[in-house]
Amino acid sequence: MTERLSDVTTGTDTSAAGRDSDSYDANRTTSNPDSYAGARQTTEGTVYTVTGGDWDEVLAEAAGDERIVMNLGPQHPSTHGVLRLVLELEGETVTQARSVVGYLHTGIEKNLEYRNWTQGVTFVTRMDYLAPLHNEAAYCMAVEKLLGITVPQRAQTIRVILMELNRISSHLVALATGGMELGALTGMTSGFREREEVLHLLEFLTGLRMNHAFIRPGGLAQDLPEGAEQRIKDFIKVMDSRLPDYDKLLTGQPIWRNRLANVGYLPVDACLALGITGPILRSAGLPWDLRKVEPYCGYENYEFDVPTSTAADSYARYLLRLEEMHQSLRIIRQAVDNLVAGPVMVEDAKVAWPAQLTIAADGMGNSLEHVRKIMGQSMESLIHHFKLVTEGFVVPAGQVYVPIESPRGELGYHVVSDGGTRPMRVHVREPSFVNLQSMPAMCEGSMVADVIASVASIDPVMGGCDR
């Protein structure tokens with residue numbers, strides 16, 4: 001009887017009739033190493049086996065064990081559609097975790113080599129799209145260091161205001177998406193509600209909600225609009241009244257605490273070994289914040305605290321981000337009080353546009369006064385303006401590295417110039433890419449459900465990771 005049964009391991013009919021009609025070995029084509037998909041003939045027809053990539057390696061390591069290999073993403077809500085996690089499981093326990101990146105690659109670093117220095121701002125602002133102003137500031141500071149120029153005081157102060165507003169909006173997204181992934185939907189709706197307040201304010205200040213290209217080499221694209229100081233103060237009042245609600249909604253909530261406490265543990269020695277920065281490092285007890293240890297944009301003149309914790313878990317990172325929003329409001333309040341009158345762009349005619357661009361009454365195009373001045377009074381200014389816009393300014397040869405403290409940690413720009421009007425090379429030390437290394441250390445040995453909380457506490461933005 002057993003001779004007439006089909007071989008369940010291959011699905012091939014091994015009965016006498018099956019052997020007579022078609023030979024099993026003769027129909028196997030998987031022996032060809034060049035084929036992309038091996039095939040074999042069965043009683044059900046031709047069956048193809050697709051192989052290749054890292055999937056073969058993962059399955060080979062797990063073969064013969066009681067382990068399950070599971071793909072988490074890239075369409076899973078916890079990965080936001082662009083991060084793939086490959087998990088090996090024994091029951092509900094994660095025995096091995098791997099992150100697979102590259103689903104959002106845009107080649108921004110390479111594109112910068114084909115644009116002039118000012119045009120580069122419109123590219124870098126799209127890397128970490130939750131912290132566009134930090135990317136703009138770091139890139140422009142690197143260009144300014146190569147040029148050897150100093151940005152006017154008013155522009156420095158406005159940069160601080162914009163970056164701290166951006167830090168608040170980024171932390172709100174971290175809180176909101178973390179709440180969504182863990183089932184705290186009210187936390188999600190509240191987080192995005194407050195983020196809209198920030199984006200409305202940024203739109204009023206810069207003209208755009210995201211990807212602003214407002215910070216330029218040498219200063220800013222333009223000054224703040226009329227009434228900006230009052231709008232910022234009104235925003236501070238709104239946030240001062242709403243941020244304490246998160247303590248009532250989440251901080252003391254037992255389910256939220258139990259889902260995050262003692263989850264994603266990463267001590268300070270592991271952070272240092274992996275190069276982890278930002279809230280993850282500070283949650284392990286090291287008060288490393290570049291705004292304090294290597295001040296830039298005049299941060300040394302502001303009073304603020306660097307919150308830390310020694311719990312080194314996901315709950316501590318949540319608490320730190322919440323407290324950092326309070327500290328950002330504190331910095332913004334001081335910056336608004338310290339705003340001084342003056343230019344927002346360097347007066348070097350080789351860097352700054354000679355034409356002071358102004359917008360017409362309808363919000364479109366240039367005003368008649370501007371057109372009359374540049375067309376009728378100074379042909380040299382018109383020519384120089386045209387060359388600056390089309391070709392860009394020349395940056396002396398050299399290379400610099402400028403780091404700043406982004407919402408996710410150290411964001412550094414290594415910029416190389418060959419003395420031309422375009423960058424020779426731009427490489428970004430992106431905190432999301434580096435911090436993602438901590439995922440296996442946080443997740444291996446924990447439960448599958450804790451992977452979601454751990455990744456949320458890392459707060460990776462794949463636009464920066466896959467730049």
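This is a predicted model: local features need pLDDT of at least 70, side-chain atom pairs count only at pLDDT 80 or more; totals for chains, interfaces and linings use all residues.

Residues are numbered from 1 along each chain as its sequence is written, and side-chain values use heavy atoms, with hydrogens and water left out. Helices (H or I, at least four residues) and strands (E, at least two) are DSSP runs, numbered from the N terminus.

**Helix 7 and helix 9**

Select residues 153-182, which are helix 7, together with residues 228-251, which are helix 9; their axes come within 13 Å and cross at roughly 25°. Here axes are lines fitted to C-alpha atoms, for helices over the stretch in contact, and angles run from 0 to 180 degrees between N-to-C directions. Helix 7 is therefore roughly parallel to helix 9, a label for angles under 35 degrees, with over 145 counting as roughly antiparallel, 65 to 115 as roughly perpendicular and the rest as oblique. The crossing of these two helices is left-handed, meaning that the near helix is turned anticlockwise from the far one by less than a right angle, whereas clockwise would be right-handed.

Now show side chains: helix 7 brings Ile161, Leu165, Ile168, Leu172 and Leu175 to the contact, and helix 9 brings Ile232, Phe235, Met239, Tyr246 and Leu250, where contact means heavy atoms within 4.5 Å. The residues of this contact divide into ten nonpolar, no polar and no charged; Ala, Val, Leu, Ile, Met, Phe, Trp, Tyr, Cys and Pro count as nonpolar, Asp, Glu, Lys and Arg as charged, and the others, Gly among them, as polar.

**Helix 9 and helix 14**

Helix 9 passes helix 14 in a left-handed crossing. Among the contact residues are Glu229, Lys233 and Asp240 of helix 9 and His326, Arg333 and Asp337 of helix 14. This contact between helix 9 and helix 14 divides into 15 nonpolar, two polar and six charged residues.

Leaving aside residues up to four places away in sequence, glutamine 327 touches Phe304, Asp305 and Pro307.

Most residues other than glycine have a negative phi. Select cysteine 297, in the loop between helix 13 (290-293) and helix 14, where phi is positive at about 55° although the residue is not a glycine. Cysteine 297 is buried, at 10% relative accessibility. Alanine 312 also lies in the loop between helix 13 and helix 14, its phi is positive and near 55°, and it is buried at 2% relative accessibility.

**Strands**

Move to strand 8 (residues 398-406) and strand 9 (residues 409-417), which pair in the antiparallel sense over nine bridges; pairing requires that DSSP finds at least two bridges between the strands. They form a hairpin with two residues between them, and valine 402 stands opposite tyrosine 413 in strand 9.

Finally, select valine 69 in strand 3 (residues 68-72), which is buried with a relative accessible area of 19%. A distance between C-alpha atoms gives 9.8 Å from valine 69 to alanine 97, 28 residues apart along the chain.

Key: Buried means under 20% relative accessible area, exposed over 50%, partly exposed in between (1.4 Å probe, protein chains only).
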